[in-house]
Amino acid sequence: MHLLILPLFSLLILSHSVSQARPLSTQSRWVVDEDGQRVKLACVNWVSHLDLVVTEGLSKQPIDVISSKILEMGFNCVRLTWPIYLVTNDSLASLTVRQSFLNAGLTDDISGFQANNPSFLDLSLITAFQAVVTSLSDNNVMVILDNHITKPGWCCSKTDGNGFFGDTYFDPNLWIQGLTKMATLFKDNPNVIGMSLRNELRGPKENANDWYKYMQKGAETVHGANPNVLVILSGLNFDKDLSFLRNKPVNLSFTAKLVFEVHWYAFTDGSAWKDGDPNQVCARVVNNYMRTVGFLLDQGYPLFVSEWGIDLRGTNVNDNRYLNCFLTWVAEHDLDWALWTLVGSYYYREGVVGMIEYYGVLDSDWVSVRNSSFLERISAIQSPRQGPRKSGIKSTQKMIFHPSTGLCIVRKSLIEVQLGKCSESNLWSYTPHKALTVIGPYFCIKAQGSNQQIRLSIFCIGTGTRWDTVSDSNLHLSKRLGGNTTLCLDVDSSNNVITTSCKCLSRDKSCDPGSQWFKILDVSSSAVKLYSDSVGSSARVAEM
């Protein structure tokens, strides 16, 4: 007779694939369905706001191939961008896809449409946009309609005339008209679950007073036209600053529909990640984000990271170091997000025909994955770990996340552990004595010595079992083994979890601490119960 211990957390992945009861709403800082169950938004941005006003990629692959590929890659949602002129400029909206490409002299793309999406060619631009939403809906992909810009084109700069209310191409009245038309157009589609009112407010005219005046009006307009959708509000300074809301919340007539969004890229912080000590930079940047936007979580609002991403060729040091910190932050708070971008290449961007997008998860053929290891790495943040719970109850269940690989510490046998998929993780406890113990059988992680694999032990008080967080980032888990010997958890080339001398603690800018960064994450018991009820007990011991 053998005991088979099924990982508790493996059941959480059900929440990402089960169809939700819509429309969605908010419950405190969570997005939930009609049954009050957490819905984790794991989205990807799909661009439709550039000069041709046609959703990118349709000359390369059939629309349903792309839509189904999105779901296959683990995303459950698309943030679909659009320009105001698409619904307010009748001559543009009625232009056909074929005419749009002919006007730009892009005959090769017309041939591509003829081969892959011939039915699109003679659709008007607005009808073609609707057809994309229909395809996503038919493939069970949720849609957030993002008003990215007014005049079609690449975004964003402080001087492009699209940045803030009153700019050359940002007439507030026209904007309200456009939001009304778009909200009304999709009010009967339950897969359109949200509308983002405006992307990256910016420029010399931006100010909080006008933000309240117009964003509150826009929110009321969208809710009035389509009360089913989540209303998503962006902040100032390229969607990096919502600090003005700390002491003056929005004043709206409706509740349980409001979400705030934020953007965070490596270049948001210049070259700080490449030029600075990653421990220091991570601590400083995260503290700043929590000060300027993260406080909204404590105020009971969902926070949607609607743009983030990296150069997926993997050669950008600034991006690579940022990603370790970003994934830790998103995992710690179990945030909703939208990756930039799905796009493998553009029809036409900033004067360049066929420009390749190296931030795109798809390659330029629009079917191959550009970087499969990246998709594996972000799979840990595509499924929820937390959700609504009773006030005052704090979770004691944990996972131990390794952001550099996107994996978690998993029990392999009676005393062995290694990195594995977070969906297969055991649940852990971090005790008052700072021991990391497996919930269920009382085994704890114990250091064996330098460059040796850690083991599980039943002796959980004493040498080798106390794990302290150290460094500015608090992402090193260290253990003192007597004398002056201090070791940190690390990972070898075979994904074995070992202990080595703690590195990058002396603020060395050239040192990359990524392999030694671990984060102890909360897993709420309500989330475990929520998505395990449909399949039985959240933990099961079976006789084999």
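Modeller: Two strands count as paired if DSSP finds at least two bridges between them, and the model to which we apply this is a predicted one.

Biologist: What makes β20 and β25 a pair, and which residue of β25 is the bridge partner of Q453?

Modeller: β20 and strand β25, residues 497–501, are joined in the antiparallel sense over two bridges, and the cut-off is at least two, so the pair qualifies; the partner of Q453 in β25 is I498.

Biologist: Why are β20 and β22 called edge strands?

Modeller: The open sheet has five strands in the order β20-β25-β24-β23-β22, with antiparallel pairing. The strands β20 (452–453) and β22 (468–470) each pair on one side only.

Biologist: What makes the rings of F129 and F186 an edge-to-face pair?

Modeller: Their centres are 6.2 Å apart, where the limit is within 6.5 Å, and their planes stand at 65°, where edge-to-face requires over 60 degrees; the pair is therefore edge-to-face. F129 belongs to helix α7 (residues 125–138) and F186 to the loop between α8 and β7, 57 residues apart, so that the pair links distant parts of the chain. Both F129 and F186 are buried.

Biologist: What is the angle between the planes of F260 and Y301, and which parts does that pair tie together?

Modeller: With centres 5.2 Å apart and planes at 85°, the rings of F260 and Y301 are also edge-to-face, because the angle is over 60 degrees. F260 lies in strand β9 and Y301 in the loop between α11 (278–298) and β10 (303–307), so parts 41 residues apart in sequence are tied together. Both F260 and Y301 are buried.

Biologist: How do you know that the span of α9 agrees with its number of residues?

Modeller: Helix α9 (residues 208–225) has 18 residues, which at 1.5 Å a residue should span 26 Å, and its end C-alpha atoms are 25 Å apart, so the two values agree.

Biologist: Which elements do the buried residues of α9 pack against, and what is the hand of the crossover through α9?

Modeller: The buried residues of α9, among them W211 and Y212, pack against α8 (172–185), β7 (192–196), β8 (230–233) and β9 (258–263). As for the strands, β7 and β8 pair in the parallel sense over three bridges. The chain crosses from β7 through α9 to β8, and this β-α-β crossover is right-handed.

How values were computed. Residues numbered from 1 in each chain as written. Predicted model: local features only at pLDDT ≥ 70, side-chain atom pairs only at ≥ 80, totals over all residues. Heavy atoms only, no water. Helix = DSSP H or I, 4+ residues; strand = E, 2+ residues; numbered from the N terminus. Expected span 1.5 Å × (residues − 1). Buried < 20%, exposed > 50% of the residue type's maximum accessible area, 1.4 Å probe, protein only. Contact = heavy atoms within 4.5 Å. Right-handed = clockwise from strand over helix to strand, strands pointing away. Phe/Tyr/Trp six-rings, centres within 6.5 Å; stacked < 30°, edge-to-face > 60°.
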